[in-house]
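This report is for a reader who is seeing the structure for the first time.

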Amino acid sequence: MVEYFTKIKRIADTLALAGKPIELNDFVMHVLTGLDSSDYESLTTVVLAREGTITLDDPYSLLLNHETRI
């Protein structure tokens with residue numbers, strides 16, 4: 001999971017450096033849609049249902065915690 005998240009983050013950072021930053025919500029959607037839906041379906045639902053501002057650490061820590069359980 002760390003490797004996957006780092007790869008997606010690197011792409012987002014590259015886009016930002018090129019003057020095309022990706023919105024945090026879009027970043028989170030890209031992370032979630034790239035996951036194996038059968039293993040992460042419940043986590044995806046939880047993250048998408050959250051209200052308020054989401055930080056980059058929120059989905060990352062949730063994904064790491066979830067990965068230890070599967």
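At 44% relative accessibility, Val 2 counts as partly exposed. The model described here is a predicted one. Val 2 belongs to helix H1. Leaving aside residues up to four places away in sequence, Val 2 touches Tyr 60 and Leu 64. Val 2 and Tyr 60 are 58 residues apart along the chain, and their C-alpha atoms are separated by 8.4 Å.

**The loop between H3 and H4**

Two residues of this loop are described here. Ile 54 is found in the loop between H3 and H4, and Leu 56 has its place in the loop between H3 and H4. Are they buried or exposed? Ile 54 has a relative accessible area of 12%, under the 20% limit, and is therefore buried. Leu 56, with a relative accessible area of 24%, is partly exposed, because that value lies between the limits of 20% and 50%.

The contacts of both residues, again without residues up to four places away in sequence, reach other parts of the chain. Ile 54 touches Leu 24, Asn 25, Val 28, Val 47 and Pro 59. Leu 56 touches Phe 5, Lys 9, Leu 24 and Phe 27.

| Pair | Apart in sequence | C-alpha to C-alpha |
|---|---|---|
| Val 2 and Tyr 60 | 58 residues | 8.4 Å |
| Ile 54 and Leu 24 | 30 residues | 7.9 Å |
| Leu 56 and Lys 20 | 36 residues | 18 Å |

**Helices H2 and H3**

Helix H2 covers residues 24–33 and helix H3 covers residues 37–49; they pack at an angle of about 170°, with their axes 10 Å apart. H2 is therefore roughly antiparallel to H3, since angles over 145 degrees are counted that way. Which residues in H2 and H3 meet? From H2 come Val 28, Met 29 and Leu 32, and from H3 come Thr 44, Val 47 and Leu 48. Sorted by class, the contact of H2 with H3 has five nonpolar residues, one polar residue and no charged residues.

H3 has a kink of about 35°, centred on Leu 43. Leu 43 is also one of the buried residues of H3, which are Tyr 40, Leu 43, Thr 44 and Val 47. What covers these buried residues? The cover includes H2 and helix H4, residues 57–69.

Val 47 links several of these parts. Not counting residues up to four places away in sequence, Val 47 touches Val 28, Leu 32, Ile 54 and Leu 62.

**The nonpolar core**

In soluble globular proteins, nonpolar side chains tend to be buried together. In this model the largest nonpolar core has 14 residues. The residues with the most contacts inside this core are Phe 27, Val 31, Leu 35, Tyr 40, Val 47 and Leu 63. Helix H1 (2–17), H2 and H3 each supply at least two residues of this core. Which helix gives the largest share? H2 does, with four residues.

Methods. Residues are numbered from 1 along each chain as its sequence is written. This is a predicted model: local features need pLDDT of at least 70, side-chain atom pairs count only at pLDDT 80 or more; totals for chains, interfaces and linings use all residues. Side-chain values use heavy atoms; hydrogens and water are left out. Axes are lines fitted to C-alpha atoms, for helices over the stretch in contact, and angles run from 0 to 180 degrees between N-to-C directions. Angles under 35 degrees count as roughly parallel, over 145 as roughly antiparallel, 65 to 115 as roughly perpendicular and the rest as oblique. Contact means heavy atoms within 4.5 Å. Ala, Val, Leu, Ile, Met, Phe, Trp, Tyr, Cys and Pro count as nonpolar, Asp, Glu, Lys and Arg as charged, and the others, Gly among them, as polar. The bend at a residue is the angle between axes fitted to the seven residues ending there and the seven starting there. Buried means under 20% relative accessible area, exposed over 50%, partly exposed in between (1.4 Å probe, protein chains only). A nonpolar core is a set of buried Ala, Val, Leu, Ile, Met, Phe, Trp, Tyr and Cys residues joined through side-chain atoms within 4.5 Å.
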